[in-house]
Every structure is written in structure tokens, then in C-alpha cells.
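The following report describes selected features of the structure shown here.

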Amino acid sequence: MIKIDESISLPVPKAQVWKVLSDPHAVVSCINGAEIVKENEDGSYDGRLVVQFGPLRVGFGAHVTLELDEAESQGRIAARGKDQHGATRMSTHALFTVLPDPGDQSTTVTLVGEVELAGKLASQMEAGANTVVRRMTTEFTANFVALCAPDLVQEKPPTRWQRIRLALRRLFGGSGRPATVEPASRPS
Amino acid sequence: MKVYEALAKAFAAEGTTDVFGMMGDANMYWMNELDKLGISLYEVRHEGAGLAMADGWARTNGAPGVATATSGPGVAQLATTLLVASRARTPLVVFGGESTLGDASAVQGLDQGRFAAACETGFVHLTRPEDAYEAVQEAFYLARLESRPIMLSVPMDIQQKQFDDDDTYVPSTTLLARDPVFPNPAAIEKAIDVISRSERPVIIVGRGAMASGAGAEIRQLAETTGAIVATTLMAKTWLSEDEYHVGISGLYATKTAMELFQLADCVIAVGAGLNKYTTEHGYLYPGATFIQIDQKAHVVMGDGRGADVFIHSDAKLAVQKLQEALQAKSFRQAGYRTPDVKERLATAFDDNEPYELDPGTVDPRDVCRILDDAIPPEIGLVIGGGQNICFSTILMTKRRRMLLANQHFGCIGQGLTTAMGAITATNNQPAFLMEGDAGFMMHLPEFETAVRYGMPVLVVVMNDQLLGAEYHKAVAKGGINPDLARVSTPNLGAVGVALGGQGSLVTNLDDLRTAVAKYVASPVPTILDVRISTSVISIPYRRLHFGMEA
């Protein structure tokens, strides 16, 4: 079990933060390697996430639900899925709370939750998985800040994904999209 | 003649030349007969160590290794190494003495059959004198056929019975005369279909390919298909003369290799089992279609699936057929074999992660580089077990006369003893061992055995005075006091001298160069106690425990 316990301070009013957090597409855009592939009729989503464990990039498919409680300024996000081989299962749930600071010119977002990995990758990564989740949380925070308060963010060096894509483009030309994001299907 | 004489004659007829073990009441008559027959006996300080020497001997020579232990406590000491040999799929025959048949009160009594079963070891029980030849033949037959340890357990009283069979012993090799397996043309056709559609193939070679002598054919296939060449851990450095050789596939791969593997659309495994370590449970090759060539009837890969195309065949024959079929189609592509990939491979084994060293220590990565450079290829390399060997397993890349890796059963303490067996199997040619301090200390007394028999082994102890794996895991996980994993050692170089060999303490790289040059000039049993910094984390541990993109 990997714990998430983050507090993010943003120099923008609460309404601006809530607007971003209540938009699943915006939230997913803050998670490097994640995308929504389908919106279901019950309001849930099917998503994809590529996670970097050391030099390995592992693609997960996940069913994601987002429950918003605007009156309480809270949201619950839950995701459950497995990797493309079905060898590792992932389960995540987190509660975020959006609180205006005095004067409502700035906002604090708290994010508390857990990530559970089970299966082959979990035993493989041992303590390293904690580091991976911490890194992803940090990246999410940075991306989230950039989305809520773009004026605060200077031009950044290329992200890990941008660097990888550049390297792939140099190697093989084309889009540089990593093959592991959408692996070729195996013949039956 | 007596049964023990017949048994000794049968072992000799099986081609046994070297036997490792410790004499006791229940094997001494048999050993005495072996000596009369000119078989070399190696008296060791611990039965398990003797068995590990036989393991190293067999993995180097290819024929079944032979070890012995006396009844009960002697046999019980074999447990760890029997399991190691089972996991390593080493053909071994253990002559286990046994207490008097049916004597339930014997002080050295042990149910050796159940013991063998728990240790994943085949069991042949000689309970009638007239079956002596059949028992030896069966033990060697099973060892050769199943490539695993077999215990021949012989009660003391049976050994002393009369054996009146005048027939000549028939060695097990006569039962096993087999022709190589030819590939099914339909399977070759399926494989060609996959290869023809691939753009980025990887060829992974293992011990089966080495045994088949398929090197030249594999390199030709790599040229034709544009494949990079990788090895299993056990085949480390094999075919590394190929300019698109990327090293090991698995956790011990370089970051560059891992990035290339993950882009592969086809894997051609040649005599490689593709276990979970070689493919990282399949995660190293997420988009690949698998072709697997193996002389076993079938193999399930480490991710629990069968290969997309399985070719039941001798490795060399199947690769030849693939090459012929591709030539008939005029198929040839650059694939991975491009200048860009070559440029990346040129620096793939560099590890420039900065660390501040502890005072009076050296960087283990520098140790690996210096030794790899200074020790000529005629001197073999044995890599021990435990955390420290992560450095040498990745960073030492020189192709050598002989290379043996020990990671089976996840235990430590097998390095020195398998090195001694490997040296014995190669007519006492020198070899050096890369080992951690905890693993070496476990069987330290066997260094004296090496001295006694004049085995030219250089033991390089990568000494961080830690149970290294536990220390680094404790640091990474938190909540556990890492200092509990600190275990000091004396000056092991001085211990080497005290045991009759040579040795020195190394705390700087100049001392290392000097000590290695001395060994290379005159290889005699030597211990180099190299004090390495605890601050330097190996590449696999950076990945596994610190989540780093190393």
C-alpha cells in the first residue's frame, strides 16, 4: 500500500481551482502518460496510463470514477485496472479537498489517498514503487499548478516524456510515440 | 568383489574424474576404491561446499558433476546446494552414504529419500546388492536426461555385501544416444511470417544456443533480420563480438538495452527459456511477438504464456532453416542495426551516476572496470551472489574463456566453491571470483581447500561490511534500522595469507592495480579484500528500491 498525502498551495481563487478539478479531462491532462479513452453512460471513464518503473514503461488500463461534492468542496477519485498483460493490478482511491485561504486570493488543495499494486510488478519493484508514486504525485502537482495558474510558470525544460519522444524520433523517425503506449497486438 | 567396489567401477565407467566431498563412515570404502581407480578426490571442509564445487564443475564441463557425503548429517548439509543445482538445472550425481538399512535407531539416521524430494533432487535407492550397476546407471541416466541433481543413496551394510555380476558395466550414455531434433517445416513457416512482418527484432540467446554451437548462424540471422543480440544471464557475454550485442536481457540489462527491448516487435529466443527474469515478466517486450526455439518439447515463458511460435528443435538446425527461408525470400533489413543504435550502444555500459565515497573506500564500479581491463580473457570469471554482484554482472563485459554466474535460489555463499569446481573442470586454469563479503565469509574455510589443491583462484571480495541487500532495502523502505545489517570483517587479505595463500587489503585503486598485476603474473590462490563504499548503489537496486531510471 502506497500512501498519498499532498497539500498544494495555489495563488488563485478557489473557484478557478475547482473549475479545473471538476473537469476530468483537465485532471487527467495533469497526469503524465494518462489519457481518457472513453466516457461511459454512467458517468465513469475508461482511461489509460503509462507508468515509468525504472527504465520500464508499463501501460495500465483503468476504470475511473469521479464523484464531486461542490457544497463540501470535495471530490473522490477512484481508479481500478490492470496492465496490458493482466499480470499486475492497480487500485487507487483519493480524496481531494479545495479550501480557500483567507481573502480567497489563494487556495489550498489537499490530496489524501492510497495506491495499491498487486501482482508480478509489485513484487518486482518493492520499495521502488513508493518512489514512483511520489514522483508521479510531484509531477501531477507541478502540472496542476501550471494549469490553474499558468502565469506563474516559466518556460520549463522538456518533460521526461518529451525527452523520450525526442530520442525515439531521433532513432526511428516518425512521431516518436513510444511503442509501449500502444503495443502491437499479438496474433492469436 | 564388494558392492562398494562395483559402485566405484561404475562411476569410473561413467567418466567420473573428480569427486568433491567429505569422507565419513558411509562413503569411505567407496572413496578408497575411487582413489585406486585414479579418480581425483577433493576433501572439503563442508559437504555443501563440495557439492557446490561439483555444481561449478558440471556447469563448466557439461557432464554430470559428482559429490559425496556421508550418512545423515553429511547428507543434510547438502540442502542449499541441492536446491541451487536444481534451479540451475545442473546434472549432478551425489553419492550419499546411508545408515544401515532398516536401523531406525541409527545415530546418523535420516530419511534421505524425503530429504532429497524436499531439495528437488531425484533419488535412487540401492537396497539390493545385485542392483549396484543398475543403480549407478539409473542415477547418471536421470542426471543427464533431466539435467538435475540425483542422489544415489547406499546403506552402509549393502555396500559391504558381495557383488558377483561379471558383466561389464554399461554407461548411461549408451542409453541416451540421440540425434538432434529437426524443426517442423510448418513452425519454420510461421516464424518466417512473423519475422517478415517485423521491423525491430531482438535475438535472445541462452545456454541451449551455446550448447548447440549456433553462434555463427545466430550472428548471420541477426545480420539478415536487423536484430540486436541479447543474452540470458547464464549466457552473459556470449557473441559479444557482434557490434549490435546489447548485453543481458532482464534486470541486468543496461538502460539503453531496456529502451530498445521495449520497442521490439519480435523476439527470437534461441535456446533461452525466457523465464521471468529474462523478460521481466514480459514487461521488457510489451509489443513483441515471440518466436522460441528450444530442444525441449515445450516451454512456458516467464509471463505465463506460450510463445506465439514455438519451434521444437536443436538451436543450430532451426536457425539455419530460418536463415535459408529468409534468403529464399530475399529478405534483408537494417532493423535495429543502424548507425544511431550503434552510437547509443557505444556508451550503454557507462554508469556516471555521481556518489560521494566513504573515506578509505573505492567505488565498486571502478573496481569492475579496472579488473575487466587488467585481467586477460584467458582467466575465467565467476560471479557470486548477493547485492554486490549487481555491479560486476552489468559492468564487466569482457568476453572470457569461461564465465559462470550464480544467482540460483537467491542464496549467497556459492561463489568461491563453484569457482573452485570450474577451475578443476578446466585443468586448473586460473579464474577470478567477484563476490560479496557475506557470501565469501560463509564458506571461507574452502579457501584453505583451494590452497591445499593449488587452485589458482583470485577472490575479489567487494567488501562493504554489510549484508548489502538488506542494508540498501532498509534505507529505501524506511522504518528499519539499516545499521542492523552492518557486519564487520577482519582484513581478509591477511586471512588469505594465514590460510597459506596470498592476499591484501585494498583501499585505493592503485593498490588494486598492483595486486591484480601480481596475480596475473603468477596466479596462485589469492584474496583481495577490496573495501567499497556503501554510498554507491548498483543499477538494479537504483531501479528496484529507489525507483530511479537507471
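Two strands are taken to pair if DSSP finds at least two bridges between them. Helices (H or I, at least four residues) and strands (E, at least two) are DSSP runs, numbered from the N terminus. This is a predicted model, in which local features need pLDDT of at least 70 and side-chain atom pairs count only at pLDDT 80 or more, while totals for chains, interfaces and linings use all residues. Residues are numbered from 1 along each chain as its sequence is written, chains are lettered from A and ligands numbered from 1 in the order in which they are written, and side-chain values use heavy atoms, with hydrogens and water left out.

**The sheet of chain B**

In chain B, six strands form an open sheet with parallel pairing, in the order β9-β8-β7-β10-β11-β12.

| Strand pair | Bridges | Direction |
|---|---|---|
| β7(B) and β10(B) | five bridges | parallel |
| β10(B) and β11(B) | five bridges | parallel |
| β11(B) and β12(B) | four bridges | parallel |

Individual residues can be followed across these pairs. B:Ile204 stands opposite B:Ala269 in β10(B), and B:Ala269 in turn stands opposite B:Gln292 in β11(B). B:Ile293 has B:Ile311 in β12(B) as its bridge partner.

Strand β11(B) is largely enclosed by the rest of the structure, because six of its six residues are buried (buried means under 20% relative accessible area, exposed over 50%, partly exposed in between, with a 1.4 Å probe and protein chains only). In a regular strand the side chains alternate between the two faces of the sheet. Both faces of β11(B) are covered, with B:Thr289, B:Ile291 and B:Ile293 buried on one side and B:Phe290, B:Gln292 and B:Asp294 buried on the other.

Helix α11 (residues 215-225) of chain B lies across β7, β8 (228-231) and β10 of chain B and runs at about 170° to β7(B). Helix α14 (residues 315-328) of chain B also packs on the sheet, where it touches β10, β11 (289-294) and β12 of chain B (contact means heavy atoms within 4.5 Å). The direction of α14(B) makes about 130° with that of β11(B).

**A helix pair in chain B**

The axes of helix α3 (residues 47-61) of chain B and helix α5 (residues 79-88) of chain B come within 9 Å and cross at roughly 15°. The two helices, α3(B) and α5(B), are therefore roughly parallel to each other (angles under 35 degrees count as roughly parallel, over 145 as roughly antiparallel, 65 to 115 as roughly perpendicular and the rest as oblique). From α3(B), the contact involves B:Gly48, B:Leu51, B:Ala52, B:Asp55 and B:Arg59, and from α5(B), B:Thr81, B:Leu82, B:Val84, B:Ala85 and B:Ala88.

**Chain A**

Chain A contains five helices and seven strands. Of its 188 residues, 44% count as buried. A:Gly119 belongs to strand β7 (residues 107-119) of chain A and is partly exposed, with a relative accessible area of 33%. Beyond its neighbours within four places in sequence, A:Gly119 is in contact with A:Ala87, A:Thr88 and A:Arg89.

Note on methods. Axes fitted to C-alpha atoms, helices over the stretch in contact; angles between N-to-C directions.
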